[in-house]
Amino acid sequence: MNQDTFINILFSRVERAAVTRALVFVNAGIFVLLAVVAMNPMQIPSDLLIRAGGNFAPLVQKGEEWRLFTALFLHGGLLHVGLNMLALHQAGQVVERLFGRVGFLVIYVAAGLLGNLASLWWKPGPVSVGASGAIFGVYGALLSYLLLQRGSVPVEIFREMRSGTLGFIGYSLFAGFSIPGIDNAAHLGGLIGGMVLGAAFAQPIVAPQPVRWLTPRTLTGLAVVAVLGAGLWQTAPQVVRKFEIDSAYQQTIQQFALEEQELLREQAALMEALRLRRVSEADAIDRLERDFIPRWDREINQLSWRQAPAGQDWQRDDLVHYATARRDALKALVQALETRQAVWIERSRTLQVQADNILLQMRLRKSTEAANR
C-alpha cells in the first residue's frame, strides 16, 4: 500500500477529527476560565484546582470519585495546557482515524482514568491535574497499532510515526523523572492503558469497522484495563483519616493564633488602664478571673485534646505549655493584686518570661527543621 492510498483510507474512516478538536477546545476553554478566576495564567493555585475538581486523594477516597474524570480537563498553567493540547492535536487526529471516534474516545477516557488511578496509588498527597495520562494513552494506542498492524502502514509513514511516538514517550518520561512536580505515575498508567486498548482494538486499515466491539480480543482488553484500575483503587494508600487530622489540627492552630493575639492585646490594654488608674484593681481582678483566665483555659483544653499530625506532637505540646504559662502568669497577677505581695509579682513576671522563651525555642526548632529539608 502506498502513502496516498493509506491517507485516503484513513480520511475516509473519519473525515474530520471532531473528537480531538472538541477535547482541545474543552480543555482550553476550562483553562481560560480558571486563569481568569486566578488572574494568573502561568500558575493556577492548588486550592482553585481542588475546588474545580482536581484529583485530590482525600476527597476522592471520601466519595468524590468523579474527580478522577474531571481532573483530566484541568491544567496548572499555560505551559502545561499548551504542551498537552499540542501533543493531543498532533496524535489525536491520527489515532481518531485509526480507531474511529468512539474507539478513540474510549481510549482517551479509559487511559486517563487509569493514569489518575495510578497517580492516586503512587503519590496520594498533592492535587493532580492534566490530560497527560489520557494523551499518553493516545500515544500508547498508536504505538500498539504500529507494532501489531505494521502491514497496514506504508514503510515511510511507519518509520515517521514510530520515531515520533517513541520520541514523545521517551522524552516525556525522562522529563517526568528528572523534573520535580511532574506526575509520571499518571503518564505510565495512561501509557499502559492506551497500549492495552490499542492492542485490543487494532484492526487492519482496510477493515470495514475501525473497532470490532464484541470480539474476545476487544472485550479482554477492556476487562484488563478495568481490572488494573480496580486493583489500583483497592490498593491505594488511604489518606482520608490523615487529611482530616491535618485539617482539624491546622484549623485549631489558626484559631489559637488569632485568640492568642487578641488576648495579649486586651491584656496589655487592661494593664495600661490599670497603670493610669482608669480602672480599679477590683475591676481588673474581676476581668482577669471572669474573662482572660477562662479564655486561656479554653485554648489549653482545645490544644490538649486535638490530635496532632505525625511528627508535630512537639508543637502542640509546646503550645500547651506556652498557653499554660500565660494563664498561670495571670493567676499570679491576680494574687499580687489581692495580697500586694512582691513574691506574686515576681512569679507572674517569671512565667511571662517562660512563655516568651517557649515561643522562641519553637521558632528556632522550626527554622532548623526547615533548613534541614
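The largest cavity is lined by N55, F56, A57, S119, L120, K123, P124, P126 and S128. The model is a predicted one, in which local features require pLDDT of at least 70 and side-chain atom pairs count only at pLDDT 80 or more, while totals for chains, interfaces and linings use all residues. Numbering starts from 1 along each chain as its sequence is written, and side-chain values rest on heavy atoms, with hydrogens and water left out.

The volume of this largest cavity is about 40 Å³, and the structure holds 1 cavity of 30 Å³ or more. Here a cavity is a set of points, on a 1 Å grid over the protein atoms alone, where a 1.4 Å probe fits but cannot get out; a pocket is an open set with protein on both sides within 12 Å along at least five of seven lines, and lining residues have an atom within 4 Å of a point. Volumes are the space filled by probe spheres set on the points, which are joined across faces, edges and corners. By class, the cavity lining comprises 5 nonpolar, 3 polar and 1 charged residues (Ala, Val, Leu, Ile, Met, Phe, Trp, Tyr, Cys and Pro count as nonpolar, Asp, Glu, Lys and Arg as charged, and the others, Gly among them, as polar).

One of the lining residues, P126, sits in the loop between α6 (78-122) and α7 (132-148). Helices are DSSP runs of H or I with at least four residues, numbered from the N terminus. Leaving aside residues up to four places away in sequence, P126 touches N55 and F56, contact meaning heavy atoms within 4.5 Å.

Turning to helix packing, α6 and α10 (residues 216-235) pack at an angle of about 25° with their axes 8 Å apart. Axes are lines fitted to C-alpha atoms, for helices over the stretch in contact, and angles run from 0 to 180 degrees between N-to-C directions. This makes α6 roughly parallel to α10, a label for angles under 35 degrees, with those over 145 counted as roughly antiparallel. The α6 and α10 crossing is left-handed (the near helix is turned anticlockwise from the far one by less than a right angle). Residues V106, A110, L114, L117, A118, L120 and W121 of α6 meet L222, V225, L228, G229, L232, W233 and T235 of α10, and this contact has 12 nonpolar, 2 polar and no charged residues.

The axes of α11 and α12 come within 11 Å and cross at roughly 165°, so these two helices are roughly antiparallel to each other. Their crossing is left-handed, and the contact divides into 11 nonpolar, 3 polar and 10 charged residues. For α13 (residues 313-339) and α14 (residues 342-372), the axes come within 7 Å and cross at roughly 165°, which makes α13 roughly antiparallel to α14. This crossing, too, is left-handed, and 15 nonpolar, 7 polar and 8 charged residues form the contact.

Of the 20 lining residues, M271, L274, L333, S348 and Q352 lie nearest the pocket centre, and the lining divides into 11 nonpolar, 4 polar and 5 charged residues.

Terms used
Angles under 35 degrees count as roughly parallel, over 145 as roughly antiparallel, 65 to 115 as roughly perpendicular and the rest as oblique.
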